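Reader: I have a model open and want to talk through a few spots in it. Can you take me through them?

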Amino acid sequence: MSPYEDAVVRELNAWRQKMMRKPSTVNRLSKNLQNRINKIIPEKVHQAITATIKQMTRAVLFGAEFLTRQPILEPLSLEEREERVRDRIAFYKTAGAAEGGVTGAGGILLGLADFPLLLALKMKLLFEIAAIYGYPINEYKERLYIMHIFQLAFSSQERRQAVYQQMINWQAKSQQLPDDINQFDWRTFQQEYRDYIDLVKMAQLVPGIGAAVGLVANYRLLDSLGKTAMNAYRMRWAEGRELSE
């Protein structure tokens with residue numbers, strides 16, 4: 001392996017350990033609090049939120065704008081691909097920060113509009129990263145992998161462990177997955193995503209500080225997503241190397 005690939009393997013191993021780390025006391029307390037709040041919320045509200053996120057995400061997953069993006073199949077090294085990935089992450093972090101600052105400065109109505117806008121930016125970033133690594137995102141199973149990356153980035157540590165286990169040896173496991181996206185666990189997806197970003201994003205609706213909160217929050221959320229995606233595809237790169245040896 002090249003010196004760059006050696007460094008990637010070390011970073012990947014450290015990330016894998018992080019994904020399997022047991023939830024801390026703070027993680028558990030936070031999750032327990034969110035679970036209690038979720039039990040108080042009426043079932044009809046849960047269903048409405050789930051349906052909204054499901055339809056919004058489906059529109060992104062199956063939109064022509066995303067599915068026409070072609071994978072980069074030219075013979076690039078891992079280092080060359082990841083240089084391109086980092087460029088796109090930097091672009092989306094800047095775009096997300098600008099969008100969060102504008103909507104955060106606009107009060108409650110514009111602040112609420114930030115949720116679907118930010119979700120679309122996150123999905124666009126993931127599709128671009130997948131294409132740069134050379135994966136055919138027009139295939140359903142690849143889009144499902146993108147959904148797993150999303151969950152990995154925006155879930156509690158307990159849920160993160162379960163999602164990570166599902167992603168190990170993806171090539172083999174994906175053959176056993178349902179072909180109908182309606183069988184995807186949308187309820188858990190929306191709850192974990194909402195719980196993860198609730199507090200920081202709700203602060204974006206507060207007059208006077210909304211712009212600053214929106215700018216910083218979106219920047220950090222997209223940065224976290226980009227790093228998670230890189231390591232998720234590095235994991236498949238490493239598994240591919242092991243199979244070829």
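This is a predicted model: local features need pLDDT of at least 70, side-chain atom pairs count only at pLDDT 80 or more; totals for chains, interfaces and linings use all residues.

Reader: Where does Tyr133 lie?

Author: Tyr133 is in the loop that links helix 6 (107–132) and helix 7 (140–153).

Reader: Is Tyr133 buried or exposed?

Author: Tyr133 counts as buried, because its relative accessibility is 10% and the cut-off for buried is under 20%.

Reader: Which residues does Tyr133 touch, leaving out those up to four places away in sequence?

Author: Tyr133 touches Leu78, Arg81, Glu82, Val85, Met230, Tyr233 and Arg234. Glu82 is 51 residues from Tyr133 along the chain, yet their C-alpha atoms are separated by 8.0 Å.

Reader: Switching to helices. How do the axes of helix 7 and helix 8 cross?

Author: They cross at roughly 155° and come within 9 Å; helix 8 is residues 157–167. Angles over 145 degrees count as roughly antiparallel, so helix 7 is roughly antiparallel to helix 8. The crossing is left-handed.

Reader: What residues meet there, helix 7 with helix 8?

Author: From helix 7, Tyr145, His148, Ile149, Gln151, Leu152 and Ala153; from helix 8, Arg159, Arg160, Val163, Tyr164, Gln166 and Met167. Seven of the contact residues are nonpolar, three polar and two charged.

Reader: And helix 1 against helix 8, at what angle do the axes cross?

Author: Roughly 125°, with the axes coming within 9 Å; helix 1 is residues 3–19. That makes helix 1 oblique to helix 8.

Reader: Which residues in helix 1 and helix 8 meet?

Author: Trp15, Arg16, Lys18 and Met19 in helix 1 meet Gln157, Arg160, Gln161 and Tyr164 in helix 8. This contact has three nonpolar, two polar and three charged residues.

Methods. Residues are numbered from 1 along each chain as its sequence is written. Side-chain values use heavy atoms; hydrogens and water are left out. Helices (H or I, at least four residues) and strands (E, at least two) are DSSP runs, numbered from the N terminus. Buried means under 20% relative accessible area, exposed over 50%, partly exposed in between (1.4 Å probe, protein chains only). Contact means heavy atoms within 4.5 Å. Axes are lines fitted to C-alpha atoms, for helices over the stretch in contact, and angles run from 0 to 180 degrees between N-to-C directions. Angles under 35 degrees count as roughly parallel, over 145 as roughly antiparallel, 65 to 115 as roughly perpendicular and the rest as oblique. A crossing is left-handed if the near helix is turned anticlockwise from the far one by less than a right angle, and right-handed if clockwise. Ala, Val, Leu, Ile, Met, Phe, Trp, Tyr, Cys and Pro count as nonpolar, Asp, Glu, Lys and Arg as charged, and the others, Gly among them, as polar.
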